[in-house]
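Subject: Structure for you to look at

Hello,

Here is the structure I promised to pass on. My notes on it follow below.

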Amino acid sequence: MTSTSNVDPAELAKFSDLAHRWWDKESEFRPLHEINPLRLDWIGQLSPLAGKRVVDIGCGGGILADAMARKGAEVLGIDLSTKSLRVAQLHALEAETPNVQYREISAESLAAEQAAGFDVVTCMEMLEHVPEPASIVRACAKLVRPGGWVFFSTINRNPKSFVFAILGAEYILNLLPRGTHAYAKFIRPSELARFCRDAKLELRQPRGMQYNPLTRRYWLDDDPSVNYLFATQRPLNQGA
Ligand code: SAH
């Protein structure tokens, strides 16, 4: 039986309703397309992707999963939005992306099925959409092999992130549809660090991600005040 309790149906509906636009680079998903090379490079620098078994949790239309497969990884993308998965699959067929598969299964269920089955786990822009992010972090820790890497990205919770990620992105710049993000579900780096610690993942590299609306450029730096990423690793010599 697939466990799907750690999911908010309204969140899935938001992504399913837009699913046909995942690969339209001028659509609501433009920001994800624009940040994709940045996160892909960062992941690849810490854990070169060629030949790796990778699972992408909350893969949506497959923007990152597809790119990692093109770098030579064998990628499984999972999500609970049926329509998004169908779009991801179709894209892989049309673009003839090698070595990418998509499955509708929760992170928790896949972890029960394939513990330590992956060299790399990615979970980007997804934790802020689930009722219990700590449970996803635990599942990621279980999915990765000892010595393997788990990469997260999400949004900080403070007055600045409210202004930039909600007011700015959804109401002023119209980068994202209104209602994409709920402030209360944003996650402070200290909270994500605690989830990781509790799951026995070691934080190797926290990064901040910035956006300049005038130049429409994104870049990574050390300021995690709005968008940020965590590179974590499961220790090699961990008992369980
Ligand atoms: N990771 C992708 C997509 C981010 S959008 C990227 O960065 O390009 C957030 C995605 O999380 C959506 O596709 C949504 O369907 C998915 N999602 C939301 N709740 C989920 C859950 N409980 N389990 C799996 N996926 C979920």
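A contact here means heavy atoms within 4.5 Å. By that definition, residues 24 or more positions apart account for 72% of the contacts in the protein chain with a separation of 6 or more. Please keep in mind that this is a predicted model.

The chain as a whole:

The protein chain has eight helices and eight strands. Along the principal axes, its C-alpha atoms fill a box of roughly 50 × 40 × 35 Å. A compact globule with 240 residues would have a radius of gyration near 18 Å, and the 17 Å of the protein chain agrees with that. Of the 240 residues, 55% count as buried.

One pair of helices:

Two packed helices are described by the angle between their axes and the distance between the axes. Helix H2 covers residues 30-46 and helix H3 covers residues 63-70. The two pack at an angle of about 45 degrees, and their axes are 10 Å apart. Angles under 35 degrees would count as roughly parallel and those from 65 to 115 as roughly perpendicular, so H2 and H3 are oblique to each other. The crossing in which H2 passes H3 is right-handed.

On the H2 side, the contact is made by Leu32, His33, Asn36, Arg39, Leu40 and Ile43. H3 contributes Ile63, Leu64, Ala67 and Met68.

Regards

Notes. Residues are numbered from 1 along each chain as its sequence is written. This is a predicted model: local features need pLDDT of at least 70, side-chain atom pairs count only at pLDDT 80 or more; totals for chains, interfaces and linings use all residues. Side-chain values use heavy atoms; hydrogens and water are left out. Axes are lines fitted to C-alpha atoms, for helices over the stretch in contact, and angles run from 0 to 180 degrees between N-to-C directions. Helices (H or I, at least four residues) and strands (E, at least two) are DSSP runs, numbered from the N terminus. Angles under 35 degrees count as roughly parallel, over 145 as roughly antiparallel, 65 to 115 as roughly perpendicular and the rest as oblique. A crossing is left-handed if the near helix is turned anticlockwise from the far one by less than a right angle, and right-handed if clockwise. The radius of gyration is taken over C-alpha atoms; the globule rule is 2.2 Å times the number of residues to the power 0.38. Buried means under 20% relative accessible area, exposed over 50%, partly exposed in between (1.4 Å probe, protein chains only).
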